[in-house]
Amino acid sequence: MSYNPGYYPPQGGAYPPPQNGYPPPPEQPQSYGGYHANDYYQPQQQPPPPPQETYYPPPPAQDFSSGNGGDFKGAKQYNRQPKFRDLWAAVLFLAQFALFVVMAALFIKSLPSSAFKHSGNLRYTKDFYSWPTMIMWLCVLLVSIVFSLIYLGLMQMFAGQMLVISFWFAVVSMIGTGVYYLAAKIWFAGGIMLIFGVLYALMWFSWRHRIPFSKLVLEVVCHITRRFPSTITTSVAFLVLQAAYSAFWSLAFAGSFKHMEQYQSCTTHTDRNGRQYQSCSNVKQILAWVFMVFSFYWTSSVILNVLHTTISGTFATFYFFEGSPQGYPTKHVTLSSLKRAMTNSFGSICFGSLVVAIIQTLRAIVRAIRSQGDDNLATQLLACCADCILGCIEAIVEFFNKYAYVEIAVYGKPFMQAAKDTWVLIKDRGVDALINDCLIGNVLQMGAFLCAAVVALVAWLYITITKPEYNTTGSYTAPIIIAAFILAMSMFMVLLKCIDSGAATTFVCLAEDPDAMARNNPRLFAMVRETYPQVVRGVHAMDGF
């Protein structure tokens, strides 16, 4: 019978139950992805373990298509027809996106008639919304993609060196920024940055022991991306999709200024001196802006999280089935994972993204209030506190969502159940120690900053060489450079999502089923068992999610 495309990889029940302790690492050097166990990590010598039963490989391949799962204990729970989870969230998302498309079509029609007319000369461009400007943003996109791919290659070839360089790059950046502020006579900010730079440098002595573990995790993740290059091509495809959506949203937002003028209402007032003045308001325009900002945050979050869930499903399939007798359950692993993310799990992705989008929209409103320059000290203080609180909540929610989506990708759970299980996974199994000790995030942050700096330089060179008429006074130079910097940084993180998602999936799957790690990568398992013994106990005997 044919393979069920909705199959989610089983957890510990799919393999022999844990015995009296885990088997010791093999005595012979293990080869994995082109490197050997004795290259840079040697576990500490310990007394031989007590006698135990022989560790047998997983049972022979079973017929999963029948739905009974053979003798696997976890088959009835995980190997079944998938269900559509959180369907209401998917319907709500599609409804808001349809409303946005209708509004965007009306707003874009309000752009100047001369917009996007090709004049045949890059220099004589009077309108910002023109083909030369679109060419500039296309260059920004291409340079970001090329730089990100080059950086990904460097990470795969020089994992350990990149970890060390990224740490000291952060130190130099903070100290350099502090020196710049002091030179500009911004004493307080300069002093703070210098202090943080020195303290960060001193942390090297407590952080350097994390490098072997982070290096091994990074090499494992990079090996899987080479094993499944479709993870990289999928990231590029989603990057282009996100860039196209952002451009479409920007045009619609720009056109909203002109289109919503018709709803403006003005009232004439007379002050105590007898002078008349007008006060104007446009409630419909404000509501339209709030909705567009909310729609942008929600849609962008859904795009990124669909990519994250797709890559997590691919890594989890490798984790559970690499080296097993039954082999992979599908020929096209990444495509199958994408299909699940876009169908059965799409509602759960929309649900989790909705929570983050609401928080981000509230922060945008608070920031708009702060930017109005109100002289009322109490208002500014309350807005600042609200922004800080919302920022902390957003960071916490995004942190848990990141690992909840891994649960969704692997097991097809609804969002609330995945969030609860993520809390148990992180707090009760010590996965937070793995996350805190992994320095891969530093490497990605350094790459994002370098990519943004290079792309911002390209944007500056383009606008300096072409000298468009709309920038004769130079008023557009700074906004374009800042926008190029931010866009390049976000695009880099999208393209390198294969690394970030792969590391997160490795941690979750390790805690879910340590036996699989002991089978397909004994080196990483030995290091984790020695340093984080609480993680390899295995979890998740949940029934009836």
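The largest nonpolar core of this predicted model has 120 residues. By a nonpolar core I mean a set of buried Ala, Val, Leu, Ile, Met, Phe, Trp, Tyr and Cys residues joined through side-chain atoms within 4.5 Å. Buried, in turn, means under 20% relative accessible area, exposed means over 50%, and partly exposed lies in between, with a 1.4 Å probe and protein chains only. The residues with the most contacts inside this core are M155, F213, V217, I499 and F507. Helix α9, residues 283-321, gives the most to the core, with 16 residues. A second, separate core has 6 residues, among them V356, I359, L390 and V397. As background, nonpolar side chains in soluble globular proteins tend to be buried together.

Residues are numbered from 1 along each chain as its sequence is written, and side-chain values use heavy atoms, with hydrogens and water left out. Because the model is predicted, local features need pLDDT of at least 70 and side-chain atom pairs count only at pLDDT 80 or more, while totals for chains, interfaces and linings use all residues.

Which residues does I499 touch, leaving aside its neighbours within four places in sequence? They are L152, M155, L218, V221, C222, T225, I440 and L444, where contact means heavy atoms within 4.5 Å. I499 lies in helix α17 and counts as buried, at 0% relative accessibility.

Helices and strands here are DSSP runs numbered from the N terminus: helices are H or I with at least four residues, and strands are E with at least two. D500 is also found in helix α17, which covers residues 497-512. D500 is buried, with a relative accessible area of 18%. Beyond its neighbours within four places in sequence, D500 is in contact with K402 and L444.

I turn now to helix α4. Its 25 residues should span 36 Å at 1.5 Å a residue, and the end C-alpha atoms are 36 Å apart, which agrees; the expected span is 1.5 Å times one less than the number of residues. The buried residues of α4 include A159, L163, F167, V171 and M174. After α4 comes K185, whose phi is positive, near 65°. K185 is placed in the loop between α4 and α5, and at 61% relative accessibility it counts as exposed.

D86 also has a positive phi, of about 50°, although it is not a glycine. D86 belongs to the loop between α1 and α2. Is D86 buried or exposed? D86 is buried, with a relative accessible area of 15%.

Next, the aromatic residues. The whole structure contains 31 aromatic pairs. Rings of Phe, Tyr and Trp (its six-membered ring) pair if their centres lie within 6.5 Å; planes under 30 degrees apart count as stacked, over 60 as edge-to-face and the rest as tilted. W88 and F351 form an edge-to-face pair, 5.0 Å centre to centre with 65° between the planes. This pair links distant parts of the chain, with W88 in helix α2 and F351 in helix α11, 263 residues apart. W88 is partly exposed, with a relative accessible area of 46%, whereas F351 is buried, at 15%.

A ring also takes part in another arrangement: the charged end of R227 sits over the ring of F228, 4.9 Å from its centre. This requires NZ of Lys or CZ of Arg within 6 Å of the ring centre and within 35 degrees of the ring normal.

Finally, the strands. Strand β3, residues 265-270, and strand β4, residues 276-281, run antiparallel and are joined by 6 bridges; two strands pair if DSSP finds at least two bridges between them. S265 has S281 as its bridge partner in β4, and T268 has Q278. The hairpin of β3 and β4 has 5 residues between the strands, and G274 there takes a positive phi near 85°.
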